[in-house]
Every structure is written in structure tokens, then in C-alpha cells.
Amino acid sequence: MPVTVRSFAKINLGLRIGPRRPDGFHQLLTIYQTIGLHDRISVGVGRGTGIEIRCSNPNVPTDQSNTCFRIVRLALDALKIKTRVVIDIEKRLPVQGGLGGASANAVATLLALERALKKSLPAAERLRIAAEVGSDLPLFLTGGAVLGLGRGEQVYPLPDFPATACVIITPQVGVSTPKAFAAWDRQSDQKPDRKSARKLTLPASSDRMVELGRELSSQLSESYSGAPFRRGRRENPLFELVRTGIQNDFEQVVFPEYPELSEVKHALERAGAKYASLSGSGSTVYGLFASKAAARLAAAKLRKQGWAAEATSTLTRRQYWSRIWV
Ligand code: C5P
């Protein structure tokens, strides 16, 4: 019997890009947050060898370039198992970026594969394999609110924010992540303040990242040392956090290139979002709302304006893990 799992998406609550490292990757500081939108992945194992991927969406590769293919190969090697693996991807998430769809699919495949084989990898091995396939995979082994460091693959579970209503819009614009990083580097080289910061400091201690780190930790420690959050009593700590001015650095290079995405951010703000931002390097833009009703109303209004808006909610770590198995 194939094992089926929900492969939930993520958004980035703030993303700061640091210096390019000697390995070509950029140092990052971000908070990942899992959300309710998802694909479904089924994994079956059987006699023989080979990895087969089936997906009715023609934009999803079914060859060895697919992240699911790559993670299965690494997992089978680590487990020293030879078997045939069939992966069915029911694509519901937009294939365009920002939601970590392909990364989430790979992690969901790994979890389903382990269950189908009735074998499990040690947690550290699972994380190593996930990070080898891509920077955005390890967060899906944690779920909820996750601090991402390094090239994004070093993940630390954060105390969860309450589940918060949100609206997701992913315009049909293909933003290339490596190109967005390259544009960031070009822009940084033109700004003397950033250039000197990059020259003066070790890659591990970009001033701007330290500054965001301080903002986040002071905000989080305040949020969690104060009175416990109760709906209607105190403001949702997530709104307190976004009010500190966290930003996604990619907006500075992606919005001028794709003005439509900046338009989407403004449309979300006009529709009542308490905070709206690009997720990752886009094209996904999300808005956080005060209530589910407000998010649903905004999504309906935005759809009338021609945007493919979907209302959903952020998922706490507990919700993420309790809903993953179908
Ligand atoms: O690791 P992942 O496959 O998601 O990265 C895709 C590309 O994005 C990398 O090849 C690299 O060019 C760029 N990248 C980067 N710095 C990061 C993450 C990704 O430069 N922290």
C-alpha cells in the first residue's frame, strides 16, 4: 500500500541576505513559517529497482532533476536498500517559487518512503540528506516557526506563533533565485555602505544580519516572557514581530524587475492585510490578517480584481505534524 502525506508550503517572515560565501551560497537569516496550503505525495515501494515519478502537471519534472528523485536516491543509499520506488505528486501548490513547494515535496517523500519501508534514518542523517538536496528542505523536518541560518539549511525551531490567517497570491511570473541573488550582489557592490561592511567583516558577522538577529531575539524574548497570548486579550505576537520592521531583502531587487509583484503587495495591504511581503525570492506574495473571516473576505475581493488569491492559515509545529499523515 502506498503511503500518502500532505506536503505543506512555507512562507518567509523576514529574510535578510548576507555576504556571498566562498562556496557561492549567500549567508541568510530568515524565519520560515509553515502554512496550510499543500500538495499530496504518495510513495509506494515494490520489487525491482528504479525511481518513477508521476505527476499530471507538465511543469513538474519527472526525471532525476526532481527533488523527490534526488532525496530518494540519497535515502536508499544511506539505508543500503535496493527497491523500486513510485512517487505520485498531486500538485495543488503553484509551481512558481516562494512557497518551497519542491523542497516540501522532497521532505514529504522522504517521510513517506521511511514509513513505506518501515525503516527510519537517524534524525541527523535525515537533516544531512535534506540539506544536500537544497537549502529550503530542512525547515520541513521541523515545521511551525523555524529560524533559518547558514545558507538557510541550518534550522532551529522557534516558539510557535498562534495560527494566523493569511492570503497567498502567486502570480505566473518565474523569478530565478540564483538571478535574484546575483542582482542583490550587483546592488550591494554599488552601495558603498554595504560594500565596506562586506569587506570589513568576516562572512559570519555581517552587520545587517547581526542587527536583524538582535531585533528578532529582543522581540521574541519579549513576546514569550510576557503574559501568554490569548485571543482577544493581547495582540498576536506575530503582528508584534512584523511591526518591528522585518523585511525580505529580495523585495529590493525583485520588485523593480517584476512591478506586478509590488502591485500584489499593495493590493493585499489595501484589502486589509496587517503585513504583506514577498516570500523567498517570489513570485509568492502573502498577507497576514487579523481573522479567518477577514482573510476570506480579502481573498474574495482580490479574486474579483483578477488575482488568484487563496485564504489559508499558518500552521503551528503541532498542527503541521498532526496533519501531515493522510
Ligand atoms: O539550495 P538551493 O537549491 O535552494 O539553491 C538554489 C540556488 O540559489 C543556489 O544554486 C545558489 O545559486 C542560490 N542560493 C544562494 N544562497 C543561498 C541559497 C541559495 O546563493 N543561501
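Tutor: Domain bounds here come from an automatic or database domain assignment. The shell around the ligand draws at least three residues from each of domain 1 (3-159 + 319-323) and domain 2 (165-216 + 233-314). This is a predicted model, in which local features need pLDDT of at least 70 and side-chain atom pairs count only at pLDDT 80 or more, while totals for chains, interfaces and linings use all residues. Residues are numbered from 1 along each chain as its sequence is written, and side-chain values use heavy atoms, with hydrogens and water left out.

Around the ligand are Gly24, Phe25, His26, Leu28, Gly134, Ser135, Arg151, Thr177, Pro178 and Phe181 (a residue counts if one of its heavy atoms lies within 4 Å). By class, four of the shell residues are nonpolar, five polar and one charged (Ala, Val, Leu, Ile, Met, Phe, Trp, Tyr, Cys and Pro are nonpolar, Asp, Glu, Lys and Arg charged, and the others, Gly among them, polar).

In terms of DSSP runs (helices H or I, at least four residues; strands E, at least two; numbered from the N terminus), β2 (26-46) and α4 (177-190) each supply at least two shell residues. The most comes from α4, with three residues.

Polar contacts are pairs of N or O atoms within 3.5 Å. A polar side-chain atom of Ser135 lies 2.6 Å from a ligand oxygen atom. A backbone N or O atom of His26 is 2.7 Å from a ligand nitrogen atom, and a polar backbone atom of Arg151 is 3.0 Å from a nitrogen atom of the ligand. Taken alone, the ligand exposes 460 Å², of which the protein buries 68% (Shrake-Rupley method, 1.4 Å probe).

Notes: A polar contact is a pair of N or O atoms within 3.5 Å; within protein, one must be able to donate a hydrogen and the other to accept it, and residues adjacent in sequence count only if both atoms are side-chain atoms.
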